[in-house]
Amino acid sequence: MTSAPELLAAALNWVDLALLEQRFAGAGTPGPAAGKPGPGARWLLESHPLGFDPITARDALALVAAETPLKGLRRLVDTLMVRQEGRVVRCDAPSSRLLREFCSPEVLVAAATALCHGGRFTAPLDAPRAPADRAALFDLLSWSPIIAAPRSGLESLMARGLSDSHVHLAGAIPPASEWVLFLREEARAAPDSIWHEGPWPAAFARARRSLLEICQRVTSSGADLAPTLDAIAAALCPESCAHVIRDLVGERALLIWGLSRVLTSPPPHASSDCNALGVDDERGVLEESIKTYVGVRNAFHAVLTHRAGRRGLADFRATLNDHRVSGQVAPQTAERWRVVRALETQLLTLSPGIGPGHGARVPEYDLELRVSVSRGKALQHQIAAWLMALRDVLQSVPRAQFRVGFTVHFTRSGRSSPDSHRELGLDLARLLREVPDLRHFILGIDTAGAELISPPRDFIETYAAVRAELDRGADAEREHAPGTPCYRLGFTHHAGEDFRDLLTGLRHIDEAANLLSLRPGDRIGHALALFFEPVDFYRQRYFSYPLAIEHLIDLAFAWALLPPGAHVHRENVRLVARRSLELSFNPADLDAMAEILDVGEDAPDNLRRGRRRVGPTSEQDTFNALLDVAGRNWAHRDRVAALRQTPHRLVELRGDLRYCELVSAVRDRVVERFGLAGLAAEVCPTSNIMVGGFYDYAELPYVRAILADLPSSRLPLLVASDDPGVFDTSVRAELEHLAVALRQAGWSSERVAARLAAFQDVSRRYGFFHDETPRGPALARLLRRLTT
């Protein structure tokens with residue numbers, strides 16, 4: 001059996017490690033030559049969450065030089081890939097998930113296809129010309145850039161259709177698609193991205209030269225790469241499939257053909273006569289070209305793949321920023337390309353192919369894409385580009401029964417403010433009022449990004465302003481025209497995903513649920529803090545380090561939330577306050593703080609009756625108001641003044657039994673209030689693993705809650721893919737991963753199927769689509785009318 005170090009060595013043999021030196025070691029100059037790991041690569045492995053200790057990581061590095069790349073590629077294919085229904089898919093094993101960062105899915109599937117077909121591939125331009133043969137070959141080459149997980153009894157669920165309610169457009173496009181842009185020189189690096197300088201421009205040029213060398217052994221043309229790839233794709237693609245997937249098909253065909261020749265040909269025998277005659281070793285040249293090309297390609301994939309770390313979400317946001325490219329086309333055209341690519345990728349994950357005859361096999365599919373927008377006329381141009389992209393895809397796959405909608409998300413960052421988000425939300429609401437047909441496609445608003453920088457409380461005024469505008473418009477319409485959706489937007493908010501202390505994560509979820517104008521049927525993104533058992537959480541991190549500004553609000557929140565009769569828990573609040581902030585609050589002070597936070601017993605009832613009483617609407621103002629209360633105690637005046645001067649200093653908390661007991665009591669109350677608010681939680685398994693640093697799907701807190709039948713697991717949960725292109729997943733794969741985790745825990749197939757069906761029922765019930773939104777041919781007619 002192949003060991004983890006051997007797998008890692010096999011993967012690294014096909015990566016240009018010099019490019020990873022620049023990325024992961026933070027070097028100012030290019031790293032050592034490819035194939036010779038230096039300090040950066042060693043640091044990458046020793047800090048990587050593969051479960052390796054440093055000694056094992058060093059062993060893996062030693063194997064890189066000891067094993068030939070071709071042998072390593074065979075090892076990777078044999079271990080990580082399996083055959084299923086005539087296609088190559090990824091085996092569902094931790095090693096497969098962990099090594100995805102170093103191996104492009106395109107390379108793995110191309111190698112597996114070459115090996116499985118025993119070298120029967122000839123030059124792509126010699127492909128059969130008969131329509132049926134060409135369609136079969138196209139089916140083989142048009143696999144999804146997202147490698148599917150093995151099927152696990154989801155056929156009945158698929159027959160009912162699938163729904164994915166949480167997909168970010170920026171993370172929906174696989175690295176393979178962005179790679180093609182650079183390969184064909186149709187995109188340039190954004191000035192502030194990592195592709196703009198350093199070793200990457202030369203690396204892209206080196207990869208293009210290597211692929212041209214492969215092209216020269218396939219066609220008589222080798223002067224220009226883009227026309228060659230177009231010619232290969234045109235020879236392989238049926239006319240009815242001549243859409244934007246063709247550029248990927250051309251590169252895949254070349255890669256499969258080259259690997260087929262190299263992997264199945266015997267090694268050349270050295271001949272002095274041949275050397276004297278100057279005869280090139282064609283196999284050796286081809287092997288070196290493929291090695292160079294794949295090395296750069298895998299390094300590109302590795303840089304675009306998130307590395308989990310202690311501050312996972314912040315690291316992931318930085319990774320997404322590196323995706324940005326500036327093409328040679330207008331922004332509207334680029335936006336159209338992005339949506340088309342994302343939709344085609346999603347359709348390919350549902351059906352083995354989208355060629356002739358496959359449209360009927362694509363199940364019903366509801367997809368909500370999270371998009372960022374601009375203000376003014378740019379907003380209208382963006383929406384027009386999205387609608388044209390939908391029309392393009394429906395023309396390519398006319399029988400696809402899907403609905404696609406867009407949820408506009410505000411991005412939390414140091415460069416944006418809630419005021420700018422409020423104006424953008426109002427622009428969006430007014431546009432929907434003026435153009436009723438757009439309500440079929442513009443479904444909701446969301447806030448995503450750096451939760452550590454901007455917690456939900458900062459968005460109270462933004463969400464309230466947009467909700468008020470929508471309510472005014474709905475009252476004015478009262479009866480909308482037949483076939484026109486009602487005037488509304490669904491609301492959702494990322495919360496409880498990234499936090500320094502579990503108590504902070506619970507507070508963020510409660511703030512989002514009860515202070516942001518959310519109503520029954522709305523959703524909270526991720527909400528991981530709801531599902532943690534505090535003892536398990538603090539067992540892994542005995543000390544927790546929230547900021548002083550967070551911690552003071554957390555303590556006031558806990559006091560407000562716990563009923564007066566819960567004496568032991570309220571005493572724990574006062575004990576933690578004394579121990580961590582060195583302030584001895586008396587009950588009257590804490591009661592006054594509870595009034596400021598507006599999270600008392602009657603808060604959910606006030607929301608339902610429309611009687612909102614909200615205190616300070618930003619975290620900083622809330623902190624200052626709480627300190628004003630604490631300052632009444634003259635004995636601690638100096639300490640309060642010190643806190644006011646250092647709101648962002650770290651506070652050390654011990655996760656002892658007393659603190660776990662306090663957090664557990666708060667968790668139970670937050671779960672109860674979440675249920676009363678009528679909301680659903682959007683869980684994204686692979687994203688939570690990669691960002692949260694979990695090792696396996698069975699370790700995810702909501703999977704543990706489901707297995708333990710905790711109250712939080714009975715809340716409405718929907719499963720989504722989040723950033724499917726970056727995380728190499730799909731909603732179907734997410735359900736399959738959860739199915740495997742539940743079966744391994746001893747659940748029967750029937751019980752697993754019922755749970756997965758419940759996830760999808762929640763996704764449809766809490767989806768933001770209007771009942772009037774058409775699908776299939778009716779949707780195509782609506783799009784033609786809107787885009788003509």
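Start with phenylalanine 406. Leaving aside neighbours within four places in sequence, Phe406 is in contact with Val339, Leu369, Val371, Trp386, Leu390, Phe441, Ile442, Leu443 and Gly444. Keep in mind that this is a predicted model.

As a rule, nonpolar side chains in soluble globular proteins tend to be buried together.

Now for the rings. Searching the whole structure turns up 15 aromatic pairs.

| Pair | Centre to centre | Angle between planes |
|---|---|---|
| Phe204 and Phe300 | 5.9 Å | 70° |
| Phe531 and Tyr702 | 5.8 Å | 75° |

What does the pair of Phe204 and Phe300 tie together? Phe204 sits in helix H12 (residues 200-216) and Phe300 in helix H16 (residues 282-303), so their pairing ties together parts that are 96 residues apart in sequence. Both of these phenylalanines are buried.

The pair of Phe531 and Tyr702 also links distant parts of the chain, 171 residues apart. Phe531 lies in the loop between E10 and helix H23 (534-540), while Tyr702 belongs to helix H32 (residues 701-708). Phe531 has 2% relative accessibility, so it counts as buried. Tyr702 has 2% relative accessibility too, and therefore counts as buried.

Elsewhere, ring pairs join Phe499, Phe532, Phe537, Tyr538, Tyr659 and Phe694 into a cluster.

Next, have a look at strand E13, residues 680-683. Ala680 and Glu682 point one way and Ala681 and Val683 the other, and all are buried. E13 runs parallel to strand E10 (residues 523-526), with 3 bridges joining them; here Gly525 has Glu682 as its bridge partner. E13 is also joined to strand E14 (residues 717-719) by 3 bridges, again in parallel, with Ala681 standing opposite Leu717.

Finally, a word on confidence. The protein averages a pLDDT of 79, and 76% of the residues score at least 70. Among its elements, E13 has the highest mean pLDDT (97) and helix H15 (residues 272-277) the lowest (44). Over residues 25-40 the pLDDT stays under 50, as it does over residues 606-611.

Note on methods. Residues are numbered from 1 along each chain as its sequence is written. This is a predicted model: local features need pLDDT of at least 70, side-chain atom pairs count only at pLDDT 80 or more; totals for chains, interfaces and linings use all residues. Side-chain values use heavy atoms; hydrogens and water are left out. Buried means under 20% relative accessible area, exposed over 50%, partly exposed in between (1.4 Å probe, protein chains only). Helices (H or I, at least four residues) and strands (E, at least two) are DSSP runs, numbered from the N terminus. Two strands pair if DSSP finds at least two bridges between them. pLDDT is the predictor's confidence in each residue, from 0 to 100. Contact means heavy atoms within 4.5 Å. Rings of Phe, Tyr and Trp (its six-membered ring) pair if their centres lie within 6.5 Å; planes under 30 degrees apart count as stacked, over 60 as edge-to-face and the rest as tilted.
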